[in-house]
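The exercises below are worked from a sequence and its model. Try each task before reading the solution.

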Amino acid sequence: MDTRNGTKESALSRNLFLKGTAAAAATATVGFPAIVRAAKSAKSYPALGTFPAGVSGDTAMIGIISDLTGSYSADGEDLVKGYKLAIKHLNGGGGLVSKVPTLSGKGVLGKRLVYKIGDSETKANPAVQAATEFIERDKAIMICGDTSSAVVIALAKLAQREKVVFLSGASGSNDTTGKDCQRYGFRSQPSAYMDAKALAPVLKKELGTKRRAVYLVPDYTYGTTLYDSMKEFTEKIGWTTVNHYLAPVGTTDYSSYLLNIANSGADVFVNIEFGNDAVASTKQAAQFGIFKTMQMIVPNISSYMPDGVGAEIMAGVYGTQDWYWGLAGNKAYPEAAANSKIFLDAFLKEYHGIYPRWTAHIAYDQTLTWADAVERAGTFYPPEVIKTLESGHKIDLCLGPVAYRAGDHQQIRPVPVLKGKKPSAMANKDDYFEIVGMVPGAEAVPPLGLFGCHLPGYT
Amino acid sequence: MNWHLLIAQLLNGLALGSILALVALGLTITFGLLGLVNFAHGVFFMVGAYAGLVTFERTNSFALALLAGALVVLALGIVVERVLIRLFYRRPPEDQILVTFGLAIVIVEIVRAIFGGKTQLFPMPPWGMGATNLGFLVYPNYRLQVIVIAAITLTAIYLVLYKTRLGLIVRAGIDDSLIVNILGIDVTKTLLAVFVIGAMVAGFSGVIDAPIVAVDPDMGASVLVESFVVVVIGGLGSFTGSIAGGIIAGEIISITTIWAPDYAQVMLYLAMALVLILRPQGLFGTEGRL
């Protein structure tokens with residue numbers, strides 16, 4: 001090392017020293033918790049995934065994957081709105097951020113959150129490609145999103161391989177936290193099993209024990225596992241399963257399936273279709289006069305299905321949703337009422353009167369949950385964040401206190417059971433459902449290991 | 001064997017097929033007469049559905065909605081042909097595919113920006129509501145009416161293209177543009193006319209199909225794929241072929257659904273593959289003709 005370089009270096013270190021002093025002064029004024037956090041983050045972790053490259057500057061990047069096109073794009077649009085609002089609140093305060101003690105409203109661990117959005121087209125390949133770019137090019141510290149279980153499972157596998165935390169968007173398949181569960185993947189939506197288990201007692205009470213059910217099923221992991229769970233729990237209450245028909249995602253004309261269904265002799269039509277497919281199949285079922293002889297059940301009602309088919313058809317339909325805005329200020333459900341109201345109001349304000357759907361709720365609550373975990377871990381180092389999410393610590397958001405289960409990363413959370421309102425009973429044009437009940441998470445979750453989850457390692 | 005169900009599915013295949021034939025017709029016209037591979041055909045279908053939807057919401061008249069669907073796409077067709085497509089008639093098919101594919105993406109995204117991605121509800125016209133009890137099945141009135149509407153439309157277009165002076169000029173202009181030019185007829189106008197008729201039929205069928213299917217910006221994509229299958233089965237550029245191809249495709253989907261619903265689409269592509277192997281020009285296609 002020659003002298004000139006030496007001079008430069010000492011000038012540099014003087015600069016750094018001055019900056020460090022300023023930083024220390026700033027820390028002192030912020031107060032004790034910040035010092036504890038600073039001390040924690042001072043603990044050095046090895047490089048893993050996009051850590052620490054992704055958080056070496058003053059920003060942390062989130063890679064959002066969603067269905068901007070394809071059969072589930074309406075749900076995908078709502079999902080993105082939820083992420084954007086969560087990021088806005090985490091960076092600038094507002095909404096439920098003020099209700100979570102660890103969150104400052106000034107970014108996460110002092111890093112301003114930035115994001116990019118990739119289109120999955122409701123297909124695994126484009127989703128994985130977009131996520132890979134976010135990870136490799138943008139050093140995304142967390143990836144999240146999508147509304148198809150097939151895509152979510154593919155993204156979780158990528159996350160596990162790349163060691164980047166992934167929060168699934170809308171995903172109902174039992175496999176997501178079952179045989180395809182990942183250490184790096186987390187799911188807040190109720191699984192198919194939870195939906196079916198929550199729904200069955202209501203169906204027994206309202207529709208009796210001697211029903212004959214026929215199913216229309218989207219032909220992939222979400223559809224087939226939801227069919228399996230619905231079959232299991234409805235047969236337990238005495239129902240008969242007459243038949244089920246698998247249709248590819250993106251089918252536009254369901255007439256040939258519906259003729260089979262009309263001829264099946266069933267008196268309950270369980271429609272498992274999702275997104276635009278749910279709308280198309282239900283509209284067409286009405287045209288075939290199916291609802292004159294059959295009661296419809298939609299175990300997991302897509303965000304915009306009621307808008308697409310109209311309230312007349314949705315009236316009297318039983319189903320579940322991850323969250324429904326009718327929880328806001330709802331005195332019957334005090335645990336969810338206040339926080340749901342805060343989220344609803346913030347969303348309505350941000351999007352000029354557009355109501356949030358449950359997909360936006362998943363995005364919003366999960367992003368805050370992740371941010372809380374990072375703050376409590378005191379680092380973005382993925383294994384520490386994951387261990388914090390696995391700790392069983394409950395966070396109080398729109399559904400009341402909820403936590404992920406350590407063994408399979410399924411969130412233990414209540415399941416809202418809904419019934420479609422008659423058009424005359426609707427208070428406004430988005431008031432499609434009455435909430436029949438909220439089944440506690442602990443009652444609805446499958447026993448750990450039922451669907452074959454073995455979480456891979458942290459590193 | 002449930003004979004009721006079989007007859008019901010046969011009838012349904014006919015209804016499905018008549019819509020498919022109608023949609024595929026526009027593709028066949030542009031492909032057969034202009035030799036243009038138009039990947040934006042599905043987009044014309046979608047734009048027609050949206051134009052019809054907007055009109056129907058404002059006027060509550062399905063006839064006006066049909067007219068709007070056809071006219072808006074007619075206007076769109078003129079613009080697209082003059083600005084873009086006319087430069088590609090003499091370019092290789094891969095250039096045509098790329099440019100029309102790109103055009104489709106642009107138009108879909110514009111529609112998404114205006115209307116959003118979510119499914120729009122296109123109400124059934126009052127005369128199409130309800131279902132008819134045929135004794136062995138209850139079948140939606142509208143789908144029965146669609147068979148009639150499709151038959152009338154297909155006949156009308158056939159008459160225009162094959163039995164009128166205009167049709168004669170159009171076909172002559174495409175077969176030998178030099179001679180037709182010498183005769184004092186502007187060939188560029190006939191090319192435009194053909195392209196626009198093809199687009200218009202797509203827009204028209206978009207409105208017809210809208211009360212049955214869900215209206216969303218991506219609705220043209222699956223229609224495009226099915227239309228190509230129909231055109232391949234029926235024969236490239238064959239008018240009769242698009243009708244036969246449509247009905248064959250409709251029947252394959254319907255009949256397969258009775259026994260193996262999850263194989264309905266597979267059977268459709270299997271049929272297409274068989275046609276390509278045994279009769280590459282399609283059932284009604286003429287060898288060597290585009």
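A residue counts as buried if 20 or more other C-beta atoms lie within 10 Å of its own, as exposed if 12 or fewer do, and as partly exposed in between. The model used here is predicted. It scores ipTM 0.79 and pTM 0.84.

**Exercise 1. Positive phi angles**

Task: Decide whether A:D146 is buried or exposed, and locate it in chain A.

Solution: 
1. A:D146 has 32 other C-beta atoms within 10 Å. The cut-off for a buried residue is 20 or more, so A:D146 is buried.
2. A:D146 sits in the loop between β3 (142-145) and α5 (149-162) of chain A.
3. The phi angle of A:D146 is near 75 degrees, which is positive in a residue other than glycine.
4. A:E121 can be treated likewise: its phi is positive, about 55 degrees, and it is not a glycine. The loop between β2 and α4 (124-136) of chain A holds A:E121. With 22 other C-beta atoms within 10 Å, A:E121 is buried.

**Exercise 2. A cis peptide bond**

Task: State which kind of peptide bond joins A:F51 and A:P52.

Solution: 
1. Omega is about 0 degrees, and the bond is cis.
2. A:P52 belongs to the loop between α2 (32-42) and β1 (59-66) of chain A.

**Exercise 3. The parallel sheet**

Task: Give the strand order of the open sheet of five strands in chain A, and say which strands stand at its edges.

Solution: 
1. The order is β2-β1-β3-β4-β5, and the pairing is parallel.
2. β2 (112-119) and β5 (185-186) of chain A are at the edges. Each has a single partner strand, so one side of each has no neighbour in the sheet.
3. At one end of the order, β4 (165-168) and β5 of chain A pair in the parallel sense over two bridges. Within this pair, A:F166 has A:G185 as its bridge partner.

**Exercise 4. A residue in an edge strand**

Task: Decide whether A:G437 is buried, exposed or partly exposed.

Solution: 
1. A:G437 lies in strand β15 of chain A.
2. Its count is 19 other C-beta atoms within 10 Å. A buried residue needs 20 or more, so A:G437 is partly exposed.
3. Beyond its neighbours within four places in sequence, A:G437 is in contact with A:V202 and A:V417.

**Exercise 5. Chain B and the interface**

Task: Say how many residues of chains A and B are in contact, and how α9(B) and α10(B) cross.

Solution: 
1. 33 residues of chain A are in contact with 31 residues of chain B. Each of α3 (73-92), β7, α8, α9 (275-287) and α11 (305-309) of chain A supplies at least two residues to its side. That side has 13 nonpolar, 15 polar and five charged residues.
2. In chain B, the axes of α9 (219-234) and α10 (239-259) come within 7 Å and cross at roughly 115 degrees. The crossing is right-handed.
3. The residues that meet include B:V229 and B:I233 in α9(B), and B:A244 and B:I248 in α10(B). The residues of this contact divide into seven nonpolar, five polar and one charged.
4. Chain B averages a pLDDT of 87, and 98% of its residues score at least 70.

Key:
Residues numbered from 1 in each chain as written. Chains lettered and ligands numbered in written order. Predicted model: local features only at pLDDT ≥ 70, side-chain atom pairs only at ≥ 80, totals over all residues. Pairing = 2+ DSSP bridges. Helix = DSSP H or I, 4+ residues; strand = E, 2+ residues; numbered from the N terminus. pLDDT = per-residue confidence, 0-100. Axes fitted to C-alpha atoms, helices over the stretch in contact; angles between N-to-C directions. Left-handed = near helix turned anticlockwise from the far one by under 90°. Contact = placed C-beta atoms within 7 Å. Nonpolar A, V, L, I, M, F, W, Y, C, P; charged D, E, K, R; others polar.
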